[in-house]
Amino acid sequence: MALTRINNQALTNVTSAGLPNVGVLQVKQANSNTKIILQSEVFQDVLTLNITPSAITSKFLITTFITGYSQAANGGAIRIMRDSTEILDPNNMNSSNQHYLTYLGSTSSYPTYNISYLDTPSTTSAITYKIQMCRYGANGGSVWFNGGGNNQSSTSSFNVMEIAG
């Protein structure tokens, strides 16, 4: 019977040091069913995750499932932060004032918002990722994170997956 060798070592002596570091290294998740009323155009934290990269070459796949509610407001906006740096503003609030959640006149809306974003922070220091939201528009009214009104509620989630780079 033939003896199989990996990295010129017998199978009984093989360690992970001889194998490539690929795939998912760690996964963090935050869920919330807490309602937050957003009544201004100032972004505030709605979900937060802390993670420490395993290597400077790691990439992070960020995914979200956010639920909201708009009543008499123009709409709501959302962004992703890495520590104090904005890394994704799909609403482009700083220029065209697009928004993800729109009030439909006499009808309130209950949208969901999904984001997938690949971040390459190039660090091994601890990172705080945050989902932030705010109301969009000066017409007054409110936007809720996770439902609204008296009876509506829902759950939003935020996932960060470290991938070997």
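## Strands and their pairing

Two strands are said to pair if DSSP finds at least two bridges between them, and this idea is used below to describe how parts of this predicted model lie against one another. The secondary structure of the protein chain comes to 13 strands and 0 helices, and the elements, followed from the N terminus, run β-β-β-β-β-β-β-β-β-β-β-β-β.

The chain has 165 residues, and buried residues make up 40% of them. When contacts between residues at least 6 apart in sequence are considered, 82% of them join residues at least 24 apart.

Strand β7, which covers residues 75-82, has 8 of its 8 residues buried, so the strand is largely enclosed by the rest of the structure. The burial concerns both faces of β7, with G75, A77, R79 and M81 on one side and G76, I78, I80 and R82 on the other.

One partner of β7 is β11, and these two strands pair in the antiparallel sense over 8 bridges; within this pairing, R79 has Q132 of β11 as its bridge partner. Strand β8, made of residues 85-88, also pairs with β7 in the antiparallel sense, here over 3 bridges, and T85 in β8 stands opposite R82. Between β7 and β8 there are 2 residues, and the two strands form a hairpin whose turn contains D83, a residue with a positive phi of about 55 degrees.

## Two salt bridges

The structure holds 2 salt bridges. In one of them, the side chains of R79 and E86 meet, with a distance of 3.0 Å from N to O. R79 has a relative accessible area of 17% and is therefore buried, since the cut-off for buried is under 20%, whereas E86 is partly exposed because its relative accessibility is 31%, which lies between the limits of 20% and 50%.

The side chains of D119 and R82 meet in a salt bridge as well, at 2.8 Å from N to O.

## The aromatic pair and the nonpolar core

The count of aromatic pairs comes to 1, and this pair is formed by F60 and Y129, whose rings are tilted, with 6.0 Å from centre to centre and 50 degrees between the planes. F60 lies in strand β6 (residues 59-71) and Y129 in strand β11 (residues 127-136), so the pair ties together parts of the chain that are 69 residues apart in sequence. With a relative accessibility of 0%, F60 counts as buried, and Y129 is likewise buried at 0%.

In soluble globular proteins, nonpolar side chains tend to be buried together. The largest nonpolar core of this model has 24 residues, and those that touch the most other members are I66, Y129, I131, F158 and V160. For F158, leaving aside neighbours within four places in sequence, the contacts are K28, Q29, A30, L47, T48, L49, I62, T63, T64, Y129, K130 and I131.

## Two residues in other strands

S32 is found in strand β3, which spans residues 24-32, and at 13% relative accessibility S32 counts as buried. The side chain of S32 reaches the backbone nitrogen of T34 at a distance of 3.2 Å. If neighbours within four places in sequence are left aside, S32 is in contact with L47, F145, N146, S154, T155 and S156.

T112 has its place in strand β10, which consists of residues 112-119, and T112 is partly exposed, with a relative accessible area of 43%. The C-alpha atoms of T112 and G68 are 6.4 Å apart in space, while the two residues are 44 residues apart in sequence.

Note on methods: Residues numbered from 1 in each chain as written. Predicted model: local features only at pLDDT ≥ 70, side-chain atom pairs only at ≥ 80, totals over all residues. Heavy atoms only, no water. Phe/Tyr/Trp six-rings, centres within 6.5 Å; stacked < 30°, edge-to-face > 60°. Helix = DSSP H or I, 4+ residues; strand = E, 2+ residues; numbered from the N terminus. Buried < 20%, exposed > 50% of the residue type's maximum accessible area, 1.4 Å probe, protein only. Core = buried A, V, L, I, M, F, W, Y, C linked by side-chain atoms within 4.5 Å. Contact = heavy atoms within 4.5 Å. Polar contact = N/O pair within 3.5 Å; in protein donor to acceptor, adjacent residues only side chain to side chain. Salt bridge = Lys/Arg side-chain N within 4 Å of Asp/Glu carboxyl O.
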